[in-house]
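Please keep the sequence and the structure in view while reading.

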Amino acid sequence: MAIAKMNRIFLVGPSVHKEETVRFLQRAGVVHLQPVQPLAGEGEKEASAALLRLRRIGQIEEAVSRYRRREERQPVDCPDEELVRFAEDALTVLQETTNRRQALERLVDDLAPWENFDPEALRRLEEAGVWIRRWRMDRKKRSELIIPDDVFAGIVSEKPWILFYTLSLKGPVDIPMASPLPLPEISLNEAKREIERLKAEEESLASRLAGIALRADVLKAQVTSALNEAHYLEQMGTLYAEHYLFGLQGWIPEERVNDFLGEIERKQLPLQCEIRDALPEEEPPVLLKNNWLIRRIEPLLKLYGIPRYRELDPSFFFAPFMILFFGICLSDAGYGVVVFLVAHAIGRKWGEKVEGLPLIINLCKAFAVSAVIMGIITGSVFGYNFEDRRWILLDVSVGTGNPMLYFYLALGLGVVHLSFSYLLGMAQSADRYVRLQKLGLIFVLWGGVIMVARTIWFPSPSAMWIFYGGIGLLGLGLVLTLLFATNNPNWFIRLGIGLWNVYGLTGLVGDLLSYARLFGLGIATGAIASVMNQLAVMVVGATGPVIGIPFAVMIIILGHTFNLALSILGSTIHSARLHFVEAFKSCFAGGGMEYKPFKIERGKL
C-alpha cells in the first residue's frame, strides 16, 4: 500500500553499442525511459514507418479474425514470415471482388425494368443509322414529356421513375426534362452470371481467410513484433547520440537497481551507469505496490488519475470503501453469487488473453463477495420474502422491516468516509493552514452529527451532555475555519476569507446527504427483485399453471436479469462517485505519471 521508490538513471556508452544497449533495455523491461531529445529527422521517419507497418498488420489481423468462426476452411500452405503478405493479398482481392459484385448488383437493379437486351446489338444499329436511346424522367413532369414527330417512343415503366426509350433514324435526339441513360457494359443475363461467379470467388477467398485465421497466433506474433520494433525505433530516435558516444536517461525502481547492474556486468556492456535519488523538482513515474486485495482496485482508480510520486497512495482508502459501498448498493446474496460465477467464467476463458483483465475479474469477485455478505445480513436472496425473519441481522425490507436502519447506516458510513478523506488530506499536506482547515471540517462534521444523533436517539434530559459536546466540536471547527483559512498577515483579509469558508461549510451537508444514495440503491434492488417475484406469482394465479408457469419463468429470468444489470451499473457508478466527487476533492488530485518500463510486449490483446 505504497508507492515504490524510484531512482534516476543515466547510461552513457560508445555509439557502436547503441543498438545493442537499447535491445538489452527492452529485454530487461525495468527502465522507464524518457526522451533526451525530440523525435526528428531520420529517426522520426523510421519510427513513423514502423507505426504505419504496425497499423497495417494490426488491421490485417483484425480483418482475418472475423473469419475464424467460419466452418468452411481452406488450408493455407504458406511460411510464417509470408503469412501477413498472403493475408493482405487475399483481403485485397476479396475487397475488389466484393466491390465488383456490388456494382453489378446495382447494374442488375437498373436493367431489371428493361429486361434482357444486347448492348452490342444497339451499337451495331447505331452504326447502321438507327439510334436507340434509354431515358429516365421524374414522374411529376409527365405532362411535360414531348416526343418529336419523327421519333418513335415507348414507355417501359412509370414507377418510381418514368423509363422510356426512343428510336430515331435521323441521329441522336434531345428530350427536354429527361435524362439519357448510358449503354451498360454487359447485358442483364451476363451481369447475373458474372454475379454468381463473383459470389463463388468470394466464398473461396473467405474459406482461404478462414484457413489463415487458424494461424491467428502467427498473425498476433507479427503484430507484437511490429509493436516492439516501433517502440524500439522510437527510443532510438529520442536518445542522445553523437559520433562516438550515446546517452539515455530514465527511471528505475530502487529495488531493481542491483539486479539491473548485475545484468549489465553479465552482458559485459561497456556502459557508464549513474544512479541517484530523485531531486525535489523532479516528478518520477509512479509504480503502485499494493497487496492482493488492494491491487484489484487499481484499474478503477486509474480512471480518476494516478497519484503523484510524493503523495500518499489512495488505493488503501479507495479499495475497502468501494467494495463495501458496492455491496451495500447491490445487497442481494443471490445476485452476488451470479456476479461471482459470471466473473469466474469470463476469467477462465479470457483472463490470460486480455491484458489487465485478471485485475478487473478479481475486482468483480470482491464486489460479488461484498454483495453476498450484505445480502445475508439484510436477508435478501433474489428478493425472496422469507416468512421466518428471525435470522436476519439487519431487516431493512419494505413492509416487514425498517428501511430507515439502512438510511442511518448509509449516513454513518458517509461520516466515516469523509473523515478518513480529511485525515488523508491532512497527512499528505505540508501546509499547516491546510491541515487546520481539514481538522476544522472534521470537528464541524462530527459536532453536527453528534447533535443530530442526540436529538434522534438520546432525547432524555440526562443526555444533554452529548448535545453540549456536539456544540463544542462544532464551535471549535468554526473557529478553525474562520481563523486559519489563509496565512495572510492582514487580519481583515484573513477574516474575510474565513467568513467565506464558513459559508462554504453548507456544502458539507450536501456531501453527507449524497451518501443517502447507498440507502436508495440498496432498498431499490431488493424491492424490484421482490416485485418481479410477485409478478410471476400473479401470472400463475391468473392464468393457471399450464400457461402461467412458462410466462412466470420468463418474467423471473428477464426481470431479474434487467434488475441485476441495472443494479450493477448503478452500484459501480454511484460508489465510484462518492469517492471521485465527495472524498477525493479533499485528499487526492491525481496528475501523476504511470511507470511504464521500456519492455518487450508479450502479445496479449
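In what follows, Ala, Val, Leu, Ile, Met, Phe, Trp, Tyr, Cys and Pro count as nonpolar, Asp, Glu, Lys and Arg count as charged, and the others, Gly among them, count as polar. The model is predicted. Under this grouping, the lining of the largest pocket divides into 15 nonpolar, 5 polar and 13 charged residues, whereas the lining of the second largest pocket has 19 nonpolar, 3 polar and no charged residues.

**Overall form**

- The protein chain has 18 helices and 11 strands, and its radius of gyration of 37 Å is well over the 25 Å that the globule rule gives for 605 residues, so the chain is more spread out than a compact globule.
- Taken along the principal axes, the C-alpha atoms of the protein chain fill a box of roughly 120 × 90 × 60 Å.
- Of the 605 residues in the protein chain, 41% count as buried.
- Where contacts join residues at least 6 apart in sequence, 78% of them link residues at least 24 apart.

**The largest pocket**

- The largest pocket holds about 1100 Å³ of space, and of the 33 residues that line this pocket, Glu355, Gly356, Glu594, Lys599 and Glu601 are the closest to its centre.
- At least two lining residues of the largest pocket come from each of helix 2 (41–65), helix 6 (216–238), helix 8 (298–304) and helix 11 (357–378), with helix 6 giving the most, at 4 residues.

**The second largest pocket**

- The second largest pocket has a volume of about 550 Å³, and its lining is made up of 22 residues, of which Val415, Gly448, Val449, Val452 and Leu512 lie nearest the centre.
- Helix 12 (404–427), helix 13 (432–457) and helix 16 (506–513) each supply at least two residues of this lining, and the most, 10 residues, are given by helix 13.

**Nonpolar cores**

- The largest nonpolar core comprises 81 residues, and those with the most contacts inside this core are Leu25, Val31, Phe260 and Leu518; helix 9 (residues 315–330) provides the largest share of the core, 11 residues.
- Not counting residues up to four places away in sequence, Leu518 touches Phe325, Ile328, Cys329, Tyr406, Ala410 and Leu578.

- Which class, buried or exposed, applies to His560? His560, found in helix 18 (residues 545–587), has a relative accessible area of 8% and is therefore buried, the cut-off for that class being under 20%.
- Once neighbours within four places in sequence are left aside, His560 is in contact with Tyr335, Phe382, Ala529, Met532, Asn533 and Ile555.
- Asp217 lies in helix 6, and because its relative accessibility is 55%, Asp217 counts as exposed, a class that begins over 50%.
- Although Asp217 and Glu61 are 156 residues apart in sequence, their C-alpha atoms are 9.8 Å apart in space.

Methods. Residues are numbered from 1 along each chain as its sequence is written. This is a predicted model: local features need pLDDT of at least 70, side-chain atom pairs count only at pLDDT 80 or more; totals for chains, interfaces and linings use all residues. Side-chain values use heavy atoms; hydrogens and water are left out. On a 1 Å grid over the protein atoms alone, a cavity is a set of points where a 1.4 Å probe fits but cannot get out, and a pocket is an open set with protein on both sides within 12 Å along at least five of seven lines; lining residues have an atom within 4 Å of a point. Grid points are joined across faces, edges and corners, and a volume is the space filled by probe spheres set on the points. A nonpolar core is a set of buried Ala, Val, Leu, Ile, Met, Phe, Trp, Tyr and Cys residues joined through side-chain atoms within 4.5 Å. Buried means under 20% relative accessible area, exposed over 50%, partly exposed in between (1.4 Å probe, protein chains only). Contact means heavy atoms within 4.5 Å. The radius of gyration is taken over C-alpha atoms; the globule rule is 2.2 Å times the number of residues to the power 0.38.
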